[in-house]
Amino acid sequence: MTPEDMARLHAAAMTTPRPWSSAEFASLLSMPGTFAITDDHALALGRVTLDEAELLTLATAPLHRRRGLGRAILGRFHATAQARGATHALLEVAAGNTAARALYRGAGYIQTGIRPRYYTTGSGGTDDALILCCAL
């Protein structure tokens, strides 16, 4: 999947936080330790630094949700992160994103922090970012 493909999928899937551009995906992918896990309808972008993996974003095309794609991509993210030496993973998720929170909870993530009013919503409001972590 190209950065342009990633940006299109991200734009279809995201409202909070805002979707990323193809230039942002290309820039992130050029950074050391960054990797993408993709299929036709889902993607995960992450990076590993020393023993820590950070899930930067995970997106599933709206018409393909509730089919296990997010869980599968997250599992592949975990396996790749472990293969690169990570022993734990962390991420930020909008507090209002109940579907993503359920996905991460099911994968063993627990809340370790909060960033109040971190995200700007599409309606101009704000949403907290929850910091989640799990052992790999």
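## The largest pocket

The largest pocket in this predicted model has a volume of about 890 Å³, and its lining is made up of 35 residues. Those that lie nearest the centre of the pocket are Leu 58, Asn 97, Ala 100, Leu 103 and Tyr 104. Sorted by class, the lining comprises 21 nonpolar, eight polar and six charged residues.

Several elements contribute to this lining: β3 (52-60), α3 (69-83), β4 (88-94), α4 (98-106) and β5 (110-120) each supply at least two residues. Strand β3 provides the largest share, which amounts to seven residues. Rolling a probe the size of a water molecule over the atoms is a way to show where empty space is left.

Strand β1, covering residues 34-38, pairs with strand β2, covering residues 42-49, in the antiparallel sense, and five bridges are found between the two.

## Aromatic pairs and a charge over a ring

A pair of aromatic rings is described by the distance of the centres and the angle of the planes. The count for this model comes to four aromatic pairs. One of them is formed by Trp 20 and Phe 25, whose rings are tilted, with 5.4 Å from centre to centre and 55° between the planes; Trp 20 and Phe 25 are both buried.

Another pair, that of Phe 35 and Phe 77, is stacked, with 5.5 Å from centre to centre and 15° between the planes. This pair links distant parts of the chain, since Phe 35 belongs to strand β1 and Phe 77 to helix α3, and the two are 42 residues apart. Both Phe 35 and Phe 77 are buried.

A contact of another kind involves a charged side chain: Arg 115 lies over the face of Tyr 118, at 5.7 Å from the ring centre.

## Leu 50 in the β2–β3 loop

Leu 50 is located in the loop between β2 and β3. With a relative accessible area of 76%, Leu 50 counts as exposed, because the cut-off for that class is over 50%. The C-alpha atom of Leu 50 is separated by 6.7 Å from that of Ala 86, although the two residues are 36 residues apart along the chain.

Key:
Residues numbered from 1 in each chain as written. Predicted model: local features only at pLDDT ≥ 70, side-chain atom pairs only at ≥ 80, totals over all residues. Heavy atoms only, no water. 1 Å grid on protein atoms, 1.4 Å probe; cavity = no way out; pocket = protein on both sides within 12 Å on 5 of 7 lines; lining within 4 Å. Points joined across faces, edges and corners; volume = space filled by probe spheres on them. Helix = DSSP H or I, 4+ residues; strand = E, 2+ residues; numbered from the N terminus. Nonpolar A, V, L, I, M, F, W, Y, C, P; charged D, E, K, R; others polar. Pairing = 2+ DSSP bridges. Phe/Tyr/Trp six-rings, centres within 6.5 Å; stacked < 30°, edge-to-face > 60°. Buried < 20%, exposed > 50% of the residue type's maximum accessible area, 1.4 Å probe, protein only. Lys NZ or Arg CZ within 6 Å of the ring centre and 35° of its normal.
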